[in-house]
Amino acid sequence: MTLPTIRLDELGQGESAIIVEILGEDVVASRLMEMGLIEEEPISMVGRAPMGDPTEYAVRGYRISLRRNESTRVIVRKEP
Amino acid sequence: MLQAHSAPKPVRIVALIGNPNTGKSSLFNALCGMNARVGNYPGVTVEQKVGRLSGSSEPVDVIDLPGTYSLAARSADEAVAVNVLSGDLPQQARPEVAIVILDAANIERNLYLFSQIFELGLPVIVVLNMWDRVSSEGLTVNAELLSQRLGVPIVCTSANKRQGIDQLKKVIEQTLLAPAPIAQPEQQARALFPVPFHLEAKRLTEWLESKGRKPTTYQVDRLLIDTDGHFQKTICQSGLPDIAEQIDEARVRLQSAGCKVPMFETKSRYAWVRKLIDGAVVRKESRIASPSDRIDRWLTHRWVGMLFFILIMFLVFQSITLFAKLPMDGIQWLQSQASSGVEAVLGPGALRSLIVDGIFAGVGGVVVFIPQIAILFLFIAILEDCGYMARAAFVMDKLMTTVGLSGKSFLPLMSSFACAVPGIMATRTIENRKDRMVTLLIAPLMSCSARLPVYVLMVSAFVPQTKYAGGWISLQGIVLMLMQSLGALVAIPVAWILKKFFFPGEPATFLMELHSYKWPSLIVLYQRVWERLVAFVVRAGTLIFCTSILVWAAAYFPGDHRSLDASVATLEQLHSEKAKWTSPTPTKQNDDERLKVEDLLVENQKAIDEVQEEVNRQRSNLIETSFLGMAGHRIEPLVKPLGWDWKIGVAVIASFPAREVIIATLGTIYSLGSEQDEESQGLQEQMRQAEWPDGKPVFSLATALSIMVFFALCAQCSATLMTIRRETNSWRWPIFSFTYMTTLAYIGAWLTYQCFRFWS
């Protein structure tokens, strides 16, 4: 049974998830993957900027800031 | 003597490469001292930094390559890095060794770039920098095991504390002595690429070889993986347009074989990295937030974070105005002391004028910026090094995206409200080249502190002292505020246009690493501040100095200054007599003598006033007949639609090197001597009385507003233009800035004058 997937930007503060897919084949997608956002990698949401965008995430042991137009490209599966 | 005939030792070359924010520039400084040669790679605006390895037995040049996350060769920076490392750059010998610097606290992500460098066929040295942070981040790193698995030497350093540097130097020398083995294909991450890809790579290599090309394995990989990559473009342009077709076909075949481009590359590389670090890098996995995360919870909090950000900005800019004022006053005092020193020794004449009005004013104009630059850069270095700078960009990003920029543009633009020179230099913190260029080009529009005196003069002389709301709000204050914000308001559409038409292209990505907080390192702070100061004084300073001399010459020649010099000499004689009589004499004076002295003083004052008037008249005559004055008359038809007469024209031309000069120039032209400041009642009075030949007053509210709008939008600052020249390494952008801002200023001033001329 596969768990329902959501977009990374829908993740709430402190929540963790597993990356399922990066959408697209353009520069944004490549950049995200180069920065270590790869299938099956856990990622968690650390906090949002005061004006609601961008958002800080923890992945592969470091912190990265993603704008909404980037995080919507990342499909994740919430950890049960 | 015996060795006089032996050939000089050839310079060995090594390259330094790594992700941004890995302490690469600290390491570079630690290896080479601070005598880097900075230039540009031929044909691209990528900074080329080369230093000589210090303490080495043979000459070794270290090339500092631009910081990059990947060698995919999509951007100019990445392409330069790949080309230098593969030896494909004309006029640049191939480095013999690649020194790859990795953030020891973030090895996994940093090894991605390493996996690409590992395929370039160069001996490699790995530097695990920021080694001091490994244990505090809850990590254990077995460098020896990693070194064994990779078959390359690994050195652990903390460049900001100068730890491990000697060891690294030793390893570099050893590697140059006996070249280390180059990575075997089976060792590389490339070995994990899917089989269909290897087949396509072979096919493409054969096709290229049949066309007489000799591509490297890495180049072929990039051709297949990167859509519209750098290599594809260069090969297309070099007379092989068919390459695009070949690549497209190969990609279609890869797609149908289930090999997803470009995803398989990152996937394979990270799989390779995981295997490599398995058991060698252990992270204490904890669900509890790190101390850095806990700080972040507050510093990026909705209210607290915003408040903290405002507080920090307030602190930074208050400190600049507060701490820079004293040294700046000191510099100005020194300049005036030096000037009067020269005046005491040298009689009036061209030489004295050149020294005092040309050289001293020119040097002063450069030196006066130093305190501001030093203080701003000290703060930037502290904020950057402790990790808050990235958070500031994080907090402001949403606001800045409304004009198409990113959070990283905020601080440079904010700094430009004090002075555009440090502001433009601060754009170096913006990695995205297009964002940086747009920020750099709109920075001079921010209302800098040199504009304020001009506004104060015009507002207090020509804006009515109307008060509203029971005296709480004054019209003058409103006009002043509007003038202060005009530049920033105009910058919004300008940024939009620049972004849309001059720097279009790839969607803005803002993937930014947020490092853990740490205490800033003193060595790093010192280096950053020193580097920027030297860059400013040496590069921009010489040019600012030259412009000052040129304008001085234009205002001085070709007039005959002999009678003015004579009058000035008389004036100085009278002043020294006056000083003699007014100084208290030790001998007892009787009433008669005192009365006599008083009479003499009255007489002397009368003479001083007369000669002063004569001097002022002659000065204003001389400036009218000077090259500058002639230019002023020549451009009168051009500035008349703005409501200006030739005198304002002259003052505006003279103020192109530095806008605050206008007040002194207006003073000279309106025959008041050049010692005027913005609150001088005399100058305000003279300006109010100025008339056109037909008897109408020159200055009206409309004229004053038109001058202010012109000053708000114009690039009248040689220091700014020279800084743009330095930062972009090209004359194109200062010329562009000058042209667009002067055009904007002219149109703005014209519109203002035409709107208000019938109003008052």
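Q: Leaving aside its neighbours within four places in sequence, with which residues is Arg436(B) in contact?
A: In this predicted model, Arg436(B) belongs to helix α18, residues 433-442 of chain B. Once the neighbours within four places in sequence are set aside, the contacts of Arg436(B) are Thr427(B) and Ile430(B).

Q: Is Arg436(B) buried or exposed?
A: A residue counts as buried if 20 or more other C-beta atoms lie within 10 Å of its own. Around Arg436(B) there are 23 other C-beta atoms within 10 Å, so Arg436(B) is buried.

Q: How far apart in space are Arg436(B) and Val403(B)?
A: In sequence, 33 residues separate Arg436(B) and Val403(B). In space, taken from C-alpha to C-alpha, the two are apart by 13 Å.

Q: Which element of chain A gives the most residues to the side that touches chain B?
A: The contact between the chains involves 29 residues of chain A and 35 residues of chain B. On the side of chain A, α1 (27-34), β3 (42-48) and β5 (62-66) each supply at least two residues. With 7 residues, the element that gives the most is α1(A).

Q: How many charged residues are on the side of chain A that touches chain B?
A: Sorted by class, this side of chain A has 14 nonpolar and 6 polar residues. The number of charged residues is 9.

Q: In β12(B), which residue is the bridge partner of Arg63(A)?
A: Strand β12 of chain B covers residues 512-514. It pairs with β5(A) in the antiparallel sense over 3 bridges. In β12(B), the bridge partner of Arg63(A) is Leu514(B).

Q: Which strands stand at the edges of the open sheet, and why is one side of each left without a neighbour?
A: The sheet has 7 strands in the order β1(A)-β6(A)-β2(A)-β3(A)-β4(A)-β5(A)-β12(B), with antiparallel pairing. Each edge strand has a single partner strand, so one side of it has no neighbour in the sheet; these strands are β1 (5-7) of chain A and β12 of chain B.

Q: Which helix of chain B lies across β4 and β5 of chain A together with β12 of chain B?
A: The helix runs at about 125 degrees to β12(B). It covers residues 388-401 of chain B and is named α15.

Q: Are α29(B) and α31(B) roughly parallel or roughly antiparallel?
A: Helix α29 (residues 701-713) and helix α31 (residues 732-756) of chain B have axes 8 Å apart and pack at about 160 degrees. Angles over 145 degrees count as roughly antiparallel. The two helices, α29(B) and α31(B), are therefore roughly antiparallel.

Q: How many nonpolar residues are in the contact of α29(B) with α31(B)?
A: The contact includes Leu705(B) and Val709(B) of α29(B), and Leu744(B) and Ala745(B) of α31(B). By class, the contact has no charged residues and 4 polar ones, and the nonpolar count is 12.

Q: Which helices are among what covers the buried residues of α8(B)?
A: Helix α8 of chain B spans residues 230-237, and its buried residues are His230(B), Phe231(B), Gln232(B) and Ile235(B). What covers them includes three helices of chain B: α2 (76-86), α7 (217-225) and α9 (243-256).

Methods. Residues are numbered from 1 along each chain as its sequence is written. Chains are lettered from A and ligands numbered from 1 in the order in which they are written. This is a predicted model: local features need pLDDT of at least 70, side-chain atom pairs count only at pLDDT 80 or more; totals for chains, interfaces and linings use all residues. Two residues are in contact if their C-beta atoms, placed from the backbone, lie within 7 Å. Helices (H or I, at least four residues) and strands (E, at least two) are DSSP runs, numbered from the N terminus. Ala, Val, Leu, Ile, Met, Phe, Trp, Tyr, Cys and Pro count as nonpolar, Asp, Glu, Lys and Arg as charged, and the others, Gly among them, as polar. Two strands pair if DSSP finds at least two bridges between them. Axes are lines fitted to C-alpha atoms, for helices over the stretch in contact, and angles run from 0 to 180 degrees between N-to-C directions. A residue is buried if 20 or more other C-beta atoms lie within 10 Å of its own, exposed if 12 or fewer, and partly exposed in between; C-beta atoms are placed from the backbone. Angles under 35 degrees count as roughly parallel, over 145 as roughly antiparallel, 65 to 115 as roughly perpendicular and the rest as oblique.
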